[in-house]
Amino acid sequence: MMTPHESFLRTHLLLQLLLPLGLSVHHPPLHPPVHLPTLVPHTPTPLARSRFSAQTQLDFTTHCNSSCFHREQEDQLSEKLAFETLYADGSRTLTTVDVEDDDEFEGDALHLRQPSPSRVLGWKPRHKRVRRQIYGADGRFNIHGDNFLLDYPFSTAVRISTGCTGVLVSQQHVLTAAHCVHDGKDYVNGARKLRVGFLIPPSINGTKTGLTSAKKPVVRWVRVKRTRVPKGWIQGPQEVSMDFDYALLELRWPHQRPFMRLSVAPSSDDLAGNRIHFSGFDSDRPGELVYRFCPVEEESSDLIYQHCDARPGASGSGVYGRVWDNSLERWERKVIGIFSGHQWLEIDGENRDYNVAVRITPLKFAQICYWVHGNRLDCVQD
C-alpha cells in the first residue's frame, strides 16, 4: 500500500506524462532546428600532474550584477571552450579548439531571446528565505523503493564520490558540476580517485521485501577513467566561471541503466509547463535521492534562475525539462542544464537570491557532445 507521499508523487508524475500529450494548451514550438557550431580540437598538450590540493566546495555561491546578468559570451570563446582532461593516473592534458561557424553566433546567445531588464527590475522582492536554498515550504520529495529508484528518470541520477550528484548522459558518461572536481585553480583532493555511485534498492541488494521500507539503498561505486573540465571554468573570475560550471566524467566501463539525452536549452517559454526538474543527493537527507520541480523564474544567455528547493550535495544534478523533439514529434525529457548552486543577483542596488543552473548552449552542447563521442561529425545536430 502506498503512503500519501508516494501517492502524491505518483499522481504528479502521471500528470507530467499526460500534460504534454494534448491535455494542456501548451503546443509544440514552431522554431527551426538550432544551428550547432563545430568544435575542431587540436592535438592535446601534456600538462604537469595535478597536485589535488583543493577542497570540495558543496555550497557554491556567487554574486552577479546587472552587467554580469546581461553579459554575452562573445570574447575568447575558443579559449574558454578549450578543455583539460584528467586521467585516472593523475596525468592531464590541455586540448585547444577552433570553433567553426563562430561568426554566426555572436556570443552563443542568439538562440535565446534576450531577457528584458524590466522583467527583472519590475519584480517584487521575494520573502526572506527560511534557510539557504530552501524557499518557503520545502517542496522536495524523497524517492523510495524499487518502483521509483529504478524508474526513469530517477534512475539516471548518480552520486559523485566528492559529495555531489551527476546525471547519466550516455552508456559511459556522467555530467556533473565542475566545482565538484575542480575549484578553478586545482583539482579537489577527492578527484584523485574519483568514483561514481549507483543506488541499489534494498530488495535487489538481497533484503527481504517486507523489510525494504526500513532499509536504505546501498551504493555500487565505479571508478572514473577520465574527467574533462572546460577552460572557461579554470582560473576565471568566479561570476564568469559559473557559466562554465560543468564537467564530464567517463566511467571505466559501460553501465546498464537508461541515460538521459542532452539538448540545447530552449527558452523557458518552450519548455512544457515552463518547468524544470532535477533529482540529487542533498546533504541534509543522507542516503536519499531527492526530487524537485519548479518554474523557471529568469534566464540569461548562460544561466537558468529558479527557486527549486535544494541543499549542498545537489550540485551537479542534471536539470531537465520536457522539450519538443522534432525528429520524434513528441515531448521528451532532456537534460538542458546542470545545477550549480546559489547566486545573489544585484539589480539597482537590490539583492535577489536564486538557485542557478548552467544552461546548455549550442557551443556547450557541441563541446560536451564531442567529449562523449570523440567525433565532431556525430555532433552536427541536437
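In β18, His 342 is the bridge partner of Thr 61. This contact belongs to the pairing of β18 with strand β3 (residues 61-65), which is parallel and has five bridges. The model is a predicted one.

β18 also pairs with strand β17 (residues 318-325); these two run antiparallel and are joined by eight bridges. Within β18, Glu 332 is the bridge partner of Val 323. β17 and β18 form a hairpin with four residues between the strands, and Glu 329 there takes a positive phi near 55°.

A further partner of β18 is strand β19 (residues 350-359), paired in the antiparallel sense over 10 bridges. Phe 339 has Ala 357 in β19 as its bridge partner. The hairpin of β18 and β19 has two residues between the strands, and Asp 348 in the turn has a positive phi of about 50°. As for burial, β18 is mostly covered, with 14 of its 18 residues buried.

Phe 339 leads from the strands to the rings. Where in the chain do Phe 278 and Phe 339 lie? Phe 278 is in strand β14 (residues 275-280) and Phe 339 is in strand β18 (residues 330-347), 61 residues apart, so the pair links distant parts of the chain. The rings of Phe 278 and Phe 339 are stacked, at 4.9 Å centre to centre with 20° between the planes; they count as stacked because planes under 30 degrees apart are classed that way. Phe 278 counts as buried because its relative accessibility is 0%, and Phe 339 counts as buried at 1%.

The structure holds 11 aromatic pairs. Another of them is formed by Phe 244 and Tyr 246, with 6.5 Å from centre to centre and 35° between the planes, and is tilted. The angle of 35° is not under 30 degrees and not over 60, so the pair is neither stacked nor edge-to-face. Phe 244 has a relative accessibility of 2% and therefore counts as buried. Tyr 246 is buried as well, with a relative accessible area of 1%.

Phe 244 and Tyr 246 also belong to a cluster linked by ring pairs, together with Phe 83, Tyr 370 and Trp 371. Over the face of Phe 244 lies Lys 364, at 5.3 Å from the ring centre. Elsewhere, Arg 220 lies over the face of Phe 198, at 5.1 Å from the ring centre.

Conventions:
Residues are numbered from 1 along each chain as its sequence is written. This is a predicted model: local features need pLDDT of at least 70, side-chain atom pairs count only at pLDDT 80 or more; totals for chains, interfaces and linings use all residues. Side-chain values use heavy atoms; hydrogens and water are left out. Rings of Phe, Tyr and Trp (its six-membered ring) pair if their centres lie within 6.5 Å; planes under 30 degrees apart count as stacked, over 60 as edge-to-face and the rest as tilted. Buried means under 20% relative accessible area, exposed over 50%, partly exposed in between (1.4 Å probe, protein chains only). A charge sits over a ring if NZ of Lys or CZ of Arg is within 6 Å of the ring centre and within 35 degrees of the ring normal. Two strands pair if DSSP finds at least two bridges between them.
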